[in-house]
Amino acid sequence: MATGRGRLPLQHWLGLQALRQPLGGVGAAPASGGFRKGPGARFASGCTTLKQYARGEGHGEKSSADCSVSLDSLPAETLLKILSYLDAATLLCAGCVNRRFYHLANDNFIWLRIYSTAFSPKRPNWEVSSVEKTAVSVLSGGDKEPGFWKEACIAKEVASVRAPLAQILTPVNAYTGLPVRTREALRISGLGWAIILKEKSGKEYVMGHVEVSVNDSSVTIVWCGKNWPRLATLSTLDLCGVTPVFRGRSKPPTKNGPRWRSLIAQYSLSCLPESAAMGCDSLVRIFCLDPGLLVGLWKREEELAFVVANLHIHHLVERSTLGSAAVPYELPPHTPLLDDSADYGLHGYQLHVDMHSEGVFCLCSTFRSLFTTKGLIENGYAKLTVISFKNNTEHLPLVGRPGLSWRTDVFGGCIKSCSVMDITLLDEYGKPFWCFSSPVCMRASPRPPDGPHFLGQTYCVDYTDPSGRVHMELLWIQETEEYFVVSLVLYLSVARINRWFGTQH
(Lines give C-alpha, C1' and ligand atoms only; values in the text may rest on other atoms or scores of the structure.)
Protein backbone atom coordinates (compact mmCIF):
# COMPACT_ATOMS: atom_id res chain seq x y z
CA MET A 1 0.00 0.00 0.00
CA ALA A 2 2.82 2.38 0.85
CA THR A 3 4.53 1.59 -2.43
CA GLY A 4 1.32 2.15 -4.37
CA ARG A 5 0.68 5.46 -2.68
CA GLY A 6 4.17 6.75 -3.50
CA ARG A 7 4.33 5.78 -7.15
CA LEU A 8 1.99 8.51 -8.42
CA PRO A 9 3.79 11.40 -6.62
CA LEU A 10 7.11 10.09 -7.96
CA GLN A 11 5.85 10.07 -11.53
CA HIS A 12 4.34 13.50 -11.03
CA TRP A 13 7.70 14.82 -9.78
CA LEU A 14 9.51 13.32 -12.78
CA GLY A 15 7.00 14.98 -15.10
CA LEU A 16 7.60 18.38 -13.49
CA GLN A 17 11.35 17.91 -13.92
CA ALA A 18 10.83 17.10 -17.59
CA LEU A 19 8.87 20.30 -18.13
CA ARG A 20 11.94 22.31 -17.07
CA GLN A 21 14.27 20.60 -19.56
CA PRO A 22 14.85 21.36 -23.25
CA LEU A 23 12.67 19.95 -26.00
CA GLY A 24 13.52 16.29 -26.68
CA GLY A 25 13.93 14.98 -23.14
CA VAL A 26 16.66 14.90 -20.50
CA GLY A 27 20.08 15.89 -21.76
CA ALA A 28 18.82 17.08 -25.17
CA ALA A 29 20.54 20.02 -26.84
CA PRO A 30 18.69 23.34 -27.09
CA ALA A 31 16.56 23.62 -30.22
CA SER A 32 18.01 25.54 -33.15
CA GLY A 33 16.42 27.44 -36.02
CA GLY A 34 15.33 30.59 -34.18
CA PHE A 35 11.83 29.41 -33.26
CA ARG A 36 10.50 30.12 -29.82
CA LYS A 37 9.28 27.09 -27.87
CA GLY A 38 5.80 27.74 -26.52
CA PRO A 39 3.94 26.09 -23.65
CA GLY A 40 2.49 23.50 -26.02
CA ALA A 41 5.96 22.26 -26.98
CA ARG A 42 7.09 22.03 -23.37
CA PHE A 43 3.96 20.12 -22.40
CA ALA A 44 4.44 17.62 -25.25
CA SER A 45 8.04 17.03 -24.16
CA GLY A 46 6.99 16.49 -20.55
CA CYS A 47 4.27 14.12 -21.66
CA THR A 48 6.75 12.00 -23.62
CA THR A 49 9.29 11.92 -20.79
CA LEU A 50 6.63 10.98 -18.27
CA LYS A 51 5.63 7.98 -20.40
CA GLN A 52 9.25 6.96 -20.76
CA TYR A 53 9.83 7.00 -17.00
CA ALA A 54 6.65 5.06 -16.44
CA ARG A 55 7.80 2.38 -18.92
CA GLY A 56 11.41 2.43 -17.73
CA GLU A 57 12.70 3.55 -21.14
CA GLY A 58 15.77 5.71 -21.91
CA HIS A 59 15.83 9.45 -22.15
CA GLY A 60 15.56 11.51 -25.34
CA GLU A 61 14.51 8.67 -27.66
CA LYS A 62 11.15 10.17 -28.78
CA SER A 63 10.33 13.64 -30.01
CA SER A 64 7.30 15.74 -29.20
CA ALA A 65 5.90 15.06 -32.69
CA ASP A 66 4.93 11.57 -31.48
CA CYS A 67 2.36 13.05 -29.09
CA SER A 68 0.91 15.62 -31.49
CA VAL A 69 -2.38 14.89 -33.23
CA SER A 70 -3.10 16.34 -36.71
CA LEU A 71 -6.65 17.59 -37.25
CA ASP A 72 -6.49 16.37 -40.82
CA SER A 73 -5.78 12.83 -39.60
CA LEU A 74 -9.15 12.56 -37.84
CA PRO A 75 -11.82 10.44 -39.49
CA ALA A 76 -14.41 12.16 -41.66
CA GLU A 77 -17.24 11.44 -39.19
CA THR A 78 -15.40 13.27 -36.40
CA LEU A 79 -14.56 16.24 -38.61
CA LEU A 80 -18.16 16.51 -39.81
CA LYS A 81 -19.30 16.57 -36.20
CA ILE A 82 -16.86 19.42 -35.48
CA LEU A 83 -17.87 21.35 -38.60
CA SER A 84 -21.54 21.05 -37.69
CA TYR A 85 -20.98 23.45 -34.77
CA LEU A 86 -19.66 26.25 -37.05
CA ASP A 87 -21.68 29.14 -38.45
CA ALA A 88 -21.98 29.74 -42.19
CA ALA A 89 -19.15 32.27 -42.50
CA THR A 90 -16.70 30.13 -40.52
CA LEU A 91 -17.71 27.05 -42.46
CA LEU A 92 -16.84 28.78 -45.74
CA CYS A 93 -13.45 29.72 -44.34
CA ALA A 94 -12.84 26.13 -43.21
CA GLY A 95 -13.50 24.96 -46.75
CA CYS A 96 -10.46 26.94 -47.94
CA VAL A 97 -7.96 24.87 -45.90
CA ASN A 98 -7.40 22.06 -48.42
CA ARG A 99 -9.23 19.79 -50.81
CA ARG A 100 -10.46 17.42 -48.11
CA PHE A 101 -11.86 20.19 -45.93
CA TYR A 102 -13.49 21.74 -49.00
CA HIS A 103 -15.50 18.58 -49.68
CA LEU A 104 -16.33 18.11 -46.00
CA ALA A 105 -17.49 21.73 -45.69
CA ASN A 106 -19.89 21.16 -48.61
CA ASP A 107 -21.86 18.58 -46.66
CA ASN A 108 -25.54 18.96 -47.46
CA PHE A 109 -26.73 17.92 -43.99
CA ILE A 110 -24.77 20.76 -42.34
CA TRP A 111 -25.88 23.40 -44.84
CA LEU A 112 -29.50 22.25 -44.74
CA ARG A 113 -29.50 22.86 -40.99
CA ILE A 114 -28.02 26.33 -41.52
CA TYR A 115 -30.55 27.09 -44.27
CA SER A 116 -33.50 25.92 -42.18
CA THR A 117 -32.36 27.87 -39.12
CA ALA A 118 -31.75 31.11 -41.01
CA PHE A 119 -34.60 31.27 -43.52
CA SER A 120 -37.43 28.97 -42.44
CA PRO A 121 -40.41 31.05 -41.22
CA LYS A 122 -41.71 30.44 -37.73
CA ARG A 123 -45.24 28.97 -37.95
CA PRO A 124 -47.87 28.89 -35.21
CA ASN A 125 -49.16 25.51 -36.44
CA TRP A 126 -47.66 22.15 -37.26
CA GLU A 127 -47.88 22.46 -41.04
CA VAL A 128 -44.88 20.93 -42.77
CA SER A 129 -42.95 23.37 -44.96
CA SER A 130 -41.31 22.67 -48.29
CA VAL A 131 -37.89 22.92 -46.63
CA GLU A 132 -38.78 20.20 -44.14
CA LYS A 133 -40.17 18.03 -46.93
CA THR A 134 -36.92 18.50 -48.81
CA ALA A 135 -34.97 17.67 -45.66
CA VAL A 136 -36.92 14.43 -45.29
CA SER A 137 -36.20 13.54 -48.91
CA VAL A 138 -32.49 14.26 -48.43
CA LEU A 139 -32.31 12.21 -45.24
CA SER A 140 -34.09 9.37 -47.00
CA GLY A 141 -31.55 9.32 -49.83
CA GLY A 142 -32.17 12.42 -51.97
CA ASP A 143 -30.01 12.89 -55.05
CA LYS A 144 -28.80 16.42 -54.27
CA GLU A 145 -25.23 17.04 -55.32
CA PRO A 146 -22.67 17.99 -52.64
CA GLY A 147 -22.74 21.73 -52.08
CA PHE A 148 -26.34 22.15 -53.25
CA TRP A 149 -27.56 23.57 -49.96
CA LYS A 150 -24.48 25.73 -49.59
CA GLU A 151 -25.22 27.40 -52.91
CA ALA A 152 -28.89 27.71 -51.97
CA CYS A 153 -27.99 29.30 -48.65
CA ILE A 154 -25.63 31.83 -50.27
CA ALA A 155 -28.17 32.70 -52.98
CA LYS A 156 -30.88 33.20 -50.38
CA GLU A 157 -28.60 35.40 -48.29
CA VAL A 158 -27.68 37.56 -51.28
CA ALA A 159 -31.35 37.91 -52.26
CA SER A 160 -32.30 38.91 -48.71
CA VAL A 161 -29.84 41.84 -48.94
CA ARG A 162 -30.66 42.94 -52.50
CA ALA A 163 -34.40 43.23 -51.89
CA PRO A 164 -34.18 46.03 -49.28
CA LEU A 165 -31.38 47.69 -51.27
CA ALA A 166 -33.67 48.01 -54.30
CA GLN A 167 -36.26 49.79 -52.16
CA ILE A 168 -33.70 52.12 -50.61
CA LEU A 169 -32.28 53.14 -54.01
CA THR A 170 -35.71 53.92 -55.51
CA PRO A 171 -36.17 57.59 -54.38
CA VAL A 172 -34.07 59.99 -56.49
CA ASN A 173 -32.91 63.57 -56.08
CA ALA A 174 -34.81 66.05 -58.23
CA TYR A 175 -31.61 67.98 -59.03
CA THR A 176 -29.22 65.13 -59.78
CA GLY A 177 -31.55 62.29 -60.77
CA LEU A 178 -29.55 59.99 -58.47
CA PRO A 179 -30.61 57.97 -55.40
CA VAL A 180 -30.82 60.11 -52.28
CA ARG A 181 -30.16 57.29 -49.78
CA THR A 182 -26.89 56.01 -51.15
CA ARG A 183 -25.12 56.28 -47.78
CA GLU A 184 -27.77 54.08 -46.16
CA ALA A 185 -27.49 51.54 -48.97
CA LEU A 186 -23.72 51.35 -48.53
CA ARG A 187 -24.13 50.81 -44.79
CA ILE A 188 -26.74 48.06 -45.12
CA SER A 189 -24.85 46.14 -47.79
CA GLY A 190 -21.52 46.39 -45.93
CA LEU A 191 -19.97 47.41 -49.25
CA GLY A 192 -16.27 48.21 -49.41
CA TRP A 193 -13.66 48.42 -52.15
CA ALA A 194 -10.30 46.80 -52.75
CA ILE A 195 -7.55 46.97 -55.34
CA ILE A 196 -5.70 43.87 -56.53
CA LEU A 197 -2.17 44.58 -57.74
CA LYS A 198 -0.97 41.83 -60.06
CA GLU A 199 2.69 41.22 -60.79
CA LYS A 200 3.97 40.02 -64.14
CA SER A 201 4.90 36.76 -62.43
CA GLY A 202 1.28 36.18 -61.40
CA LYS A 203 1.60 37.13 -57.72
CA GLU A 204 -1.23 39.24 -56.33
CA TYR A 205 -1.46 41.87 -53.58
CA VAL A 206 -4.90 42.67 -52.18
CA MET A 207 -5.35 46.02 -50.41
CA GLY A 208 -8.51 47.18 -48.68
CA HIS A 209 -9.50 50.83 -48.80
CA VAL A 210 -8.13 53.21 -46.19
CA GLU A 211 -10.71 55.99 -46.51
CA VAL A 212 -14.07 56.50 -48.25
CA SER A 213 -15.91 59.81 -48.69
CA VAL A 214 -19.43 59.98 -50.17
CA ASN A 215 -20.36 63.16 -52.07
CA ASP A 216 -23.60 64.21 -53.72
CA SER A 217 -22.92 62.39 -56.97
CA SER A 218 -19.71 60.39 -56.46
CA VAL A 219 -17.66 58.33 -54.03
CA THR A 220 -13.92 58.89 -53.47
CA ILE A 221 -11.88 55.90 -52.24
CA VAL A 222 -8.26 56.17 -51.04
CA TRP A 223 -5.51 53.55 -50.70
CA CYS A 224 -2.18 54.46 -49.14
CA GLY A 225 0.50 52.81 -47.03
CA LYS A 226 4.14 51.84 -46.87
CA ASN A 227 4.16 48.27 -48.20
CA TRP A 228 3.54 48.85 -51.90
CA PRO A 229 5.15 46.38 -54.34
CA ARG A 230 7.66 47.76 -56.82
CA LEU A 231 6.00 49.47 -59.77
CA ALA A 232 8.35 47.84 -62.29
CA THR A 233 7.06 44.38 -61.32
CA LEU A 234 3.35 45.22 -61.68
CA SER A 235 1.25 44.56 -64.75
CA THR A 236 -2.37 45.41 -63.88
CA LEU A 237 -4.58 46.84 -61.16
CA ASP A 238 -8.10 45.51 -60.58
CA LEU A 239 -10.66 47.70 -58.82
CA CYS A 240 -13.30 45.57 -57.09
CA GLY A 241 -16.30 46.05 -54.89
CA VAL A 242 -16.17 43.81 -51.82
CA THR A 243 -19.21 42.68 -49.81
CA PRO A 244 -19.55 40.12 -47.00
CA VAL A 245 -21.15 36.88 -48.14
CA PHE A 246 -23.11 36.59 -44.89
CA ARG A 247 -24.40 39.66 -43.09
CA GLY A 248 -24.79 39.05 -39.36
CA ARG A 249 -28.29 39.80 -38.13
CA SER A 250 -27.16 40.70 -34.63
CA LYS A 251 -23.51 41.66 -35.20
CA PRO A 252 -21.41 43.08 -38.02
CA PRO A 253 -19.45 40.68 -40.26
CA THR A 254 -15.97 39.75 -39.14
CA LYS A 255 -13.03 41.52 -40.75
CA ASN A 256 -11.52 38.34 -42.17
CA GLY A 257 -14.78 36.64 -43.07
CA PRO A 258 -15.66 35.46 -46.60
CA ARG A 259 -16.16 38.27 -49.11
CA TRP A 260 -17.65 38.52 -52.58
CA ARG A 261 -15.64 40.45 -55.17
CA SER A 262 -17.21 42.32 -58.07
CA LEU A 263 -14.79 43.62 -60.70
CA ILE A 264 -15.46 47.27 -61.57
CA ALA A 265 -12.53 48.15 -63.83
CA GLN A 266 -9.06 46.93 -64.77
CA TYR A 267 -6.10 49.24 -65.41
CA SER A 268 -2.66 48.66 -66.92
CA LEU A 269 0.35 49.64 -64.80
CA SER A 270 3.05 48.17 -67.02
CA CYS A 271 3.74 51.56 -68.59
CA LEU A 272 2.17 54.80 -67.39
CA PRO A 273 2.05 57.12 -70.44
CA GLU A 274 3.18 60.70 -70.13
CA SER A 275 -0.10 61.74 -71.71
CA ALA A 276 -1.83 60.52 -68.53
CA ALA A 277 0.29 62.82 -66.32
CA MET A 278 -1.85 65.55 -64.77
CA GLY A 279 0.45 67.50 -62.47
CA CYS A 280 2.94 67.36 -59.65
CA ASP A 281 4.22 69.08 -56.53
CA SER A 282 7.52 68.82 -54.71
CA LEU A 283 6.90 65.19 -53.64
CA VAL A 284 4.62 63.35 -56.04
CA ARG A 285 3.48 63.12 -59.64
CA ILE A 286 -0.11 62.11 -60.42
CA PHE A 287 -1.45 60.16 -63.38
CA CYS A 288 -5.08 59.75 -64.45
CA LEU A 289 -6.17 56.37 -65.82
CA ASP A 290 -9.64 56.04 -67.33
CA PRO A 291 -12.12 55.52 -65.88
CA GLY A 292 -11.59 57.79 -62.87
CA LEU A 293 -8.42 56.34 -61.28
CA LEU A 294 -5.71 58.59 -59.86
CA VAL A 295 -2.23 57.11 -59.31
CA GLY A 296 0.38 59.02 -57.30
CA LEU A 297 4.10 58.28 -57.66
CA TRP A 298 6.97 59.51 -55.52
CA LYS A 299 9.07 61.79 -57.70
CA ARG A 300 12.36 60.54 -56.29
CA GLU A 301 11.87 56.76 -56.46
CA GLU A 302 9.10 56.58 -59.12
CA GLU A 303 7.24 54.15 -56.85
CA LEU A 304 3.60 54.06 -55.76
CA ALA A 305 2.59 56.56 -53.10
CA PHE A 306 -1.23 56.36 -53.19
CA VAL A 307 -4.17 55.34 -55.36
CA VAL A 308 -7.51 57.18 -55.47
CA ALA A 309 -10.64 55.93 -57.25
CA ASN A 310 -13.51 58.27 -58.15
CA LEU A 311 -16.77 56.40 -58.80
CA HIS A 312 -20.01 58.01 -59.93
CA ILE A 313 -23.03 57.04 -57.84
CA HIS A 314 -25.11 56.07 -60.90
CA HIS A 315 -25.42 52.24 -60.71
CA LEU A 316 -22.56 52.21 -58.17
CA VAL A 317 -24.12 49.59 -55.88
CA GLU A 318 -24.96 47.32 -58.82
CA ARG A 319 -21.45 47.60 -60.30
CA SER A 320 -19.87 46.95 -56.90
CA THR A 321 -21.96 43.92 -55.94
CA LEU A 322 -23.44 42.14 -58.98
CA GLY A 323 -20.29 41.38 -60.98
CA SER A 324 -17.81 38.57 -60.46
CA ALA A 325 -14.12 38.57 -59.63
CA ALA A 326 -13.24 38.28 -63.34
CA VAL A 327 -16.15 39.88 -65.25
CA PRO A 328 -17.66 43.33 -64.53
CA TYR A 329 -21.39 43.80 -64.11
CA GLU A 330 -23.18 44.63 -67.34
CA LEU A 331 -26.20 46.89 -67.29
CA PRO A 332 -29.42 45.33 -68.59
CA PRO A 333 -30.20 46.05 -72.26
CA HIS A 334 -31.50 49.57 -72.76
CA THR A 335 -34.95 49.93 -74.25
CA PRO A 336 -34.90 52.92 -76.65
CA LEU A 337 -37.04 55.79 -75.44
CA LEU A 338 -39.63 57.36 -77.73
CA ASP A 339 -38.38 60.68 -79.06
CA ASP A 340 -41.37 62.55 -80.49
CA SER A 341 -39.19 65.40 -81.74
CA ALA A 342 -36.22 63.65 -83.31
CA ASP A 343 -36.19 66.07 -86.22
CA TYR A 344 -35.73 69.02 -83.86
CA GLY A 345 -32.80 67.57 -81.92
CA LEU A 346 -32.50 67.25 -78.12
CA HIS A 347 -34.43 69.43 -75.69
CA GLY A 348 -35.37 69.55 -72.01
CA TYR A 349 -32.00 68.21 -70.82
CA GLN A 350 -30.63 68.90 -67.35
CA LEU A 351 -27.00 69.01 -66.22
CA HIS A 352 -25.54 68.83 -62.72
CA VAL A 353 -21.80 69.53 -62.47
CA ASP A 354 -19.51 69.39 -59.42
CA MET A 355 -15.83 70.21 -59.03
CA HIS A 356 -14.35 69.19 -55.69
CA SER A 357 -11.44 67.77 -53.72
CA GLU A 358 -11.33 66.34 -50.19
CA GLY A 359 -15.00 67.24 -49.71
CA VAL A 360 -14.42 70.93 -50.59
CA PHE A 361 -16.48 72.08 -53.59
CA CYS A 362 -15.36 74.90 -55.85
CA LEU A 363 -18.31 74.45 -58.23
CA CYS A 364 -21.75 72.94 -57.69
CA SER A 365 -24.40 73.99 -60.21
CA THR A 366 -27.49 72.69 -61.98
CA PHE A 367 -28.52 73.81 -65.48
CA ARG A 368 -31.98 73.15 -66.87
CA SER A 369 -33.79 73.40 -70.21
CA LEU A 370 -30.71 72.58 -72.27
CA PHE A 371 -31.22 71.83 -75.96
CA THR A 372 -29.47 71.28 -79.27
CA THR A 373 -30.59 71.01 -82.89
CA LYS A 374 -29.71 68.72 -85.76
CA GLY A 375 -27.80 71.57 -87.37
CA LEU A 376 -25.27 71.48 -84.49
CA ILE A 377 -24.19 67.91 -85.24
CA GLU A 378 -20.61 67.83 -86.51
CA ASN A 379 -17.92 65.11 -86.70
CA GLY A 380 -20.13 62.59 -84.93
CA TYR A 381 -20.98 64.84 -81.96
CA ALA A 382 -24.01 66.95 -81.04
CA LYS A 383 -23.01 70.26 -79.48
CA LEU A 384 -24.86 71.12 -76.26
CA THR A 385 -23.98 74.62 -75.01
CA VAL A 386 -24.39 75.10 -71.27
CA ILE A 387 -22.50 78.39 -70.68
CA SER A 388 -21.81 80.68 -73.63
CA PHE A 389 -18.86 83.02 -74.13
CA LYS A 390 -21.11 85.75 -75.46
CA ASN A 391 -23.61 85.77 -72.57
CA ASN A 392 -21.94 87.38 -69.56
CA THR A 393 -24.94 86.68 -67.34
CA GLU A 394 -24.23 82.95 -67.54
CA HIS A 395 -20.62 83.18 -66.34
CA LEU A 396 -20.03 81.57 -62.94
CA PRO A 397 -17.28 82.16 -60.35
CA LEU A 398 -15.42 79.29 -58.69
CA VAL A 399 -15.33 79.19 -54.91
CA GLY A 400 -11.64 79.38 -54.02
CA ARG A 401 -8.93 77.92 -56.22
CA PRO A 402 -8.95 74.38 -57.65
CA GLY A 403 -6.47 72.04 -56.03
CA LEU A 404 -6.26 68.28 -55.58
CA SER A 405 -5.33 67.35 -52.02
CA TRP A 406 -3.51 64.10 -51.27
CA ARG A 407 -1.99 62.42 -48.23
CA THR A 408 -0.30 59.23 -47.13
CA ASP A 409 0.60 57.81 -43.73
CA VAL A 410 3.44 60.33 -43.40
CA PHE A 411 3.18 63.08 -46.00
CA GLY A 412 0.51 65.21 -47.61
CA GLY A 413 0.15 68.00 -50.12
CA CYS A 414 -1.99 69.73 -52.73
CA ILE A 415 -1.52 69.78 -56.50
CA LYS A 416 -2.67 73.08 -57.94
CA SER A 417 -4.97 73.44 -60.94
CA CYS A 418 -6.35 69.90 -60.52
CA SER A 419 -9.72 68.79 -59.24
CA VAL A 420 -12.35 66.05 -59.51
CA MET A 421 -15.24 66.69 -61.90
CA ASP A 422 -18.63 64.97 -61.58
CA ILE A 423 -21.01 65.21 -64.53
CA THR A 424 -24.62 64.02 -64.43
CA LEU A 425 -26.65 64.69 -67.59
CA LEU A 426 -30.36 63.84 -67.53
CA ASP A 427 -32.50 63.44 -70.63
CA GLU A 428 -35.92 64.98 -71.15
CA TYR A 429 -37.49 62.17 -69.09
CA GLY A 430 -35.18 62.77 -66.12
CA LYS A 431 -33.17 59.59 -66.73
CA PRO A 432 -29.34 59.66 -66.39
CA PHE A 433 -28.01 59.86 -69.95
CA TRP A 434 -24.30 60.43 -69.29
CA CYS A 435 -22.53 60.18 -65.92
CA PHE A 436 -18.87 60.16 -64.93
CA SER A 437 -16.50 61.16 -62.12
CA SER A 438 -12.89 61.79 -63.03
CA PRO A 439 -9.85 63.91 -62.10
CA VAL A 440 -9.31 66.85 -64.45
CA CYS A 441 -6.61 69.47 -64.86
CA MET A 442 -6.71 73.13 -65.86
CA ARG A 443 -4.24 74.03 -68.61
CA ALA A 444 -3.40 77.44 -70.06
CA SER A 445 -5.09 78.05 -73.41
CA PRO A 446 -5.06 80.81 -76.04
CA ARG A 447 -8.03 83.16 -76.25
CA PRO A 448 -10.68 82.00 -78.72
CA PRO A 449 -10.73 84.20 -81.80
CA ASP A 450 -14.54 84.32 -81.96
CA GLY A 451 -15.00 85.08 -78.27
CA PRO A 452 -15.03 88.33 -76.32
CA HIS A 453 -11.78 89.98 -75.30
CA PHE A 454 -10.98 89.19 -71.65
CA LEU A 455 -8.40 90.97 -69.53
CA GLY A 456 -6.81 87.91 -67.96
CA GLN A 457 -5.30 84.47 -68.56
CA THR A 458 -7.68 81.83 -69.87
CA TYR A 459 -7.56 78.13 -68.97
CA CYS A 460 -9.34 75.07 -70.31
CA VAL A 461 -10.53 71.76 -68.82
CA ASP A 462 -11.13 68.83 -71.18
CA TYR A 463 -12.51 65.36 -70.67
CA THR A 464 -13.27 62.62 -73.23
CA ASP A 465 -14.83 59.16 -73.09
CA PRO A 466 -16.85 57.02 -75.55
CA SER A 467 -20.10 58.82 -74.63
CA GLY A 468 -18.90 62.36 -75.28
CA ARG A 469 -16.54 65.25 -74.53
CA VAL A 470 -16.57 68.13 -72.06
CA HIS A 471 -14.84 71.45 -72.76
CA MET A 472 -14.72 74.16 -70.10
CA GLU A 473 -13.07 77.59 -70.38
CA LEU A 474 -12.08 79.55 -67.29
CA LEU A 475 -10.78 83.08 -66.85
CA TRP A 476 -8.46 84.24 -64.07
CA ILE A 477 -9.36 87.74 -62.79
CA GLN A 478 -6.27 89.18 -61.14
CA GLU A 479 -8.06 92.09 -59.43
CA THR A 480 -10.42 89.83 -57.47
CA GLU A 481 -8.15 86.75 -57.52
CA GLU A 482 -10.83 84.32 -58.64
CA TYR A 483 -11.68 82.06 -61.55
CA PHE A 484 -14.79 82.48 -63.71
CA VAL A 485 -16.33 79.78 -65.88
CA VAL A 486 -16.94 81.63 -69.15
CA SER A 487 -17.75 78.63 -71.36
CA LEU A 488 -19.05 75.10 -70.83
CA VAL A 489 -19.90 72.91 -73.81
CA LEU A 490 -20.84 69.21 -73.96
CA TYR A 491 -20.29 67.23 -77.14
CA LEU A 492 -22.57 64.19 -77.07
CA SER A 493 -21.73 61.15 -79.18
CA VAL A 494 -24.28 60.72 -81.96
CA ALA A 495 -23.86 56.95 -81.71
CA ARG A 496 -24.83 57.18 -78.04
CA ILE A 497 -27.89 59.28 -78.89
CA ASN A 498 -29.00 56.83 -81.56
CA ARG A 499 -28.72 53.89 -79.16
CA TRP A 500 -30.59 55.79 -76.47
CA PHE A 501 -33.54 56.90 -78.63
CA GLY A 502 -33.41 54.38 -81.47
CA THR A 503 -32.89 57.17 -84.01
CA GLN A 504 -30.68 57.45 -87.10
CA HIS A 505 -29.06 60.89 -86.81
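1. In this predicted model, the side chains of E481 and R401 meet in a salt bridge, with an N to O distance of 3.8 Å. That distance falls inside the 4 Å cut-off used for a salt bridge, so the pair is counted as one. E481 sits in the loop between β22 (468-477) and β23 (482-493), while R401 sits in the loop between β15 (396-397) and β16, so the contact ties together parts of the chain that are 80 residues apart in sequence.

2. How exposed are the two partners, E481 and R401? E481 has a relative accessibility of 47% and counts as partly exposed, whereas R401, with a relative accessible area of 54%, is exposed. The two labels differ because the boundary between partly exposed and exposed is set at 50%.

3. The structure holds eight salt bridges, and another of them joins the side chains of E211 and R407 at 2.5 Å, N to O. This pair links distant parts of the chain, since E211 belongs to strand β3 (residues 211-214) and R407 to strand β16 (residues 403-407), 196 residues apart. Both residues are partly exposed, E211 with a relative accessible area of 29% and R407 with 39%. Through salt bridges that share partners, E211, E358 and R407 are joined into one network.

4. A further salt bridge is formed by the side chains of E274 and R285, at 3.0 Å from N to O. Here E274 lies in the loop between β6 (259-268) and β7 (277-280), R285 lies in strand β8 (residues 284-289), and the two are 11 residues apart. E274 counts as exposed, at 56% relative accessibility.

5. Turning to the sheet, four strands form an open arrangement in the order β12-β11-β18-β19, with antiparallel pairing. The edges are taken by β12 (360-372) and β19 (432-441), each of which has a single partner strand, so one side of each is left without a neighbour in the sheet. From one strand to the next, the twist averages 15°.

6. Within this sheet, which strand pairs with β11 over seven bridges? The partner is β18 (residues 418-426), which pairs with β11 (residues 346-357) in the antiparallel sense.

7. Finally, helix α11 (residues 494-501) lies across β11 and β19, and runs at about 150° to β19.

Definitions and conventions. Residues numbered from 1 in each chain as written. Predicted model: local features only at pLDDT ≥ 70, side-chain atom pairs only at ≥ 80, totals over all residues. Heavy atoms only, no water. Buried < 20%, exposed > 50% of the residue type's maximum accessible area, 1.4 Å probe, protein only. Pairing = 2+ DSSP bridges. Axes fitted to C-alpha atoms, helices over the stretch in contact; angles between N-to-C directions. Contact = heavy atoms within 4.5 Å.
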